[in-house]
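Hi everyone, thanks for coming.

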Amino acid sequence: MNQTKKRVLVSGGAGYIGSHVTVELIEAGYDVVVADNLSNCDMTCFEGVKKITGRDDIPFEKMDCCDAPLVEALFSKYRIDAVIHFAAFKAVGESVAEPIKYYKNNLISFLNILDAAKNHGGCNVLFSSSATVYGETDKLPVTEESPRQPAMCSYGATKQICEDILVDVVRATSAYGDEIKAGASELGPVKGIALRYFNPIGAHPSALIGELPRGVPNNLVPYITQTAIGKRECLSIFGNDYPTPDGTCLRDYIDVVDLAKAHVAAVARMLDGKMKKGYEIFNVGTGKPVSVLELVTKFEKVNNLKLNYKFAPRRAGDITAIWADTSLANKELGWKAERSLEDTLKSAWQWECHLAGK
Ligand code: UFG
């Protein structure tokens, strides 16, 4: 029975989103191999994944996907039916300061995965992309057809470039693209889906896995939970003079478990031969804009606490507003965000309490 199970490689599977995706894949009946170099996480979430799924035997390979021979060896060791590629650096500010580090890591690791996939008879590749590719736009919500804007940081640029690389590789190798290119028979077909995430937040309802930022969090929700628990003194809300209803920025906060389920739907679409083109893109969000202030107020209300916060100047590089048109994902993936923002914010707080041993 087990031999017929499809196997998914999750690169970066010990991280925040990767660990939630690993849980959902296993619960949906897939075999999973996790590869992670633990550069931005430890084994906490992977141990949590084992507890949640009751599976002590999930293969874990501690390795850097920038090491091509190791990636080749991984594909030789396991028969891989699909890859979900998370392994990448993701701090916007750091990427501005250290562009070479970002381009090297994020591009080389993805190229190695694609190369190995192609060499081993082809593969289905799901790339973890970002709404950052849309940049600032007046036409909201954004659809998958909305034009990409020039990236505002190297991190965003790597997301755009990796999307483009995937398009080219699919074009060159896919057995069912517009046309089969000369020489394509020597290559394994690669099919690709890019999921463009909006703002993933929250944690698994078990509170055994969640976001584990190193150092001072850049993102809003971990900063909120760390302030609420007393690790940080005060949350700064960056800007209250934006042209929005309450003056603070609007984002589309997507629950991490809902996001993980979108990955399972996308993998199933690839493996079940349901793709309409060799390369597809889906927005993964809720479709609902929420302001920073609304989020803070809701966090206080659902968790019955008071948060120390103040208004501060705008943060450089922030866009005023972005949220998703999710109709394509709703229709084609048969997926939609289900968890309420209230439950998501409760889960974020429960995870912080779990970390604090409370
Ligand atoms: N914010 C604060 N205070 C904080 C942190 C954030 O007010 O301490 C505000 C930001 O100004 C922004 C909102 O909260 O208005 C959300 O900020 P995040 O840093 O949580 O998320 P971003 O929307 O800036 O960035 C996210 C991802 C990026 C991705 C981007 C794409 O973190 O990886 O969305 O839009 F590139």
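Before we go on, a word on what you are looking at. This is a predicted model, where local features need pLDDT of at least 70 and side-chain atom pairs count only at pLDDT 80 or more, while totals for chains, interfaces and linings use all residues. Residues are numbered from 1 along each chain as its sequence is written, and side-chain values use heavy atoms, with hydrogens and water left out.

Let's stay with Ala-207 for a moment. Ala-207 sits in the loop between strand 7 (199–201) and helix 7; helices (H or I, at least four residues) and strands (E, at least two) are DSSP runs, numbered from the N terminus. The phi of Ala-207 is near 60 degrees, a positive value in a residue other than glycine. Leu-38 also has a positive phi, of about 55 degrees, and is not a glycine. You will find Leu-38 in the loop between strand 2 (31–36) and helix 2 (44–53). With a relative accessible area of 17%, Leu-38 is buried.

Why point these out? Most residues other than glycine have a negative phi, and most peptide bonds are trans. That brings me to the peptide bond between Leu-140 and Pro-141, which is cis, with omega about -5 degrees. Pro-141 belongs to the loop between strand 5 (123–130) and helix 6 (154–173). Thr-132 is found in the loop between strand 5 and helix 6 too, and Thr-132 counts as partly exposed because its relative accessibility is 31%.

Now to the ligand. Which residues come nearest to it? Of the 18 residues around the ligand, they are Asn-219, Leu-220, Ser-236, Arg-251 and Asp-318. Being near here means that one of a residue's heavy atoms lies within 4 Å of the molecule or strand in question.

Three of these names come with distances. An N or O atom in the side chain of Asn-219 is 2.7 Å from an oxygen atom of the ligand. Arg-251 places a polar side-chain atom 2.6 Å from an oxygen atom of the ligand. How much of the ligand does the protein bury? Taken alone, the ligand exposes 680 Å², and the protein buries 89% of that; these areas come from the Shrake-Rupley method with a 1.4 Å probe, and for residues only the protein chains shown count as cover.

Who builds the shell? Helix 7 (220–229) and strand 8 (235–238) are the elements that give two or more residues to the shell around the ligand. Strand 8 gives the most, with four residues. At least three shell residues come from each of domain 1 (3–201 + 253–284) and domain 2 (220–252 + 287–325 + 339–355), with bounds from an automatic or database domain assignment.

Next, the cysteines. A disulfide is a covalent bond between the sulfur atoms of two cysteines. The rule used here is a pair of cysteine sulfur atoms within 2.5 Å. By this rule the count comes to zero disulfides. Cys-234 is in no disulfide, and the nearest cysteine sulfur, that of Cys-249, is 17 Å away.

His-263 lies in helix 8 (residues 256–271) and counts as buried at 0% relative accessibility. The side chains of His-263 and Tyr-197 are joined by a polar contact of 2.6 Å, that is, a pair of N or O atoms within 3.5 Å; within protein, one must be able to donate a hydrogen and the other to accept it, and residues adjacent in sequence count only if both atoms are side-chain atoms. Ser-19, in helix 1 (residues 16–27), is buried at 0% relative accessibility. Lys-104, in helix 5 (residues 99–119), is exposed, with a relative accessible area of 53%.

Terms used:
Buried < 20%, exposed > 50% of the residue type's maximum accessible area, 1.4 Å probe, protein only.
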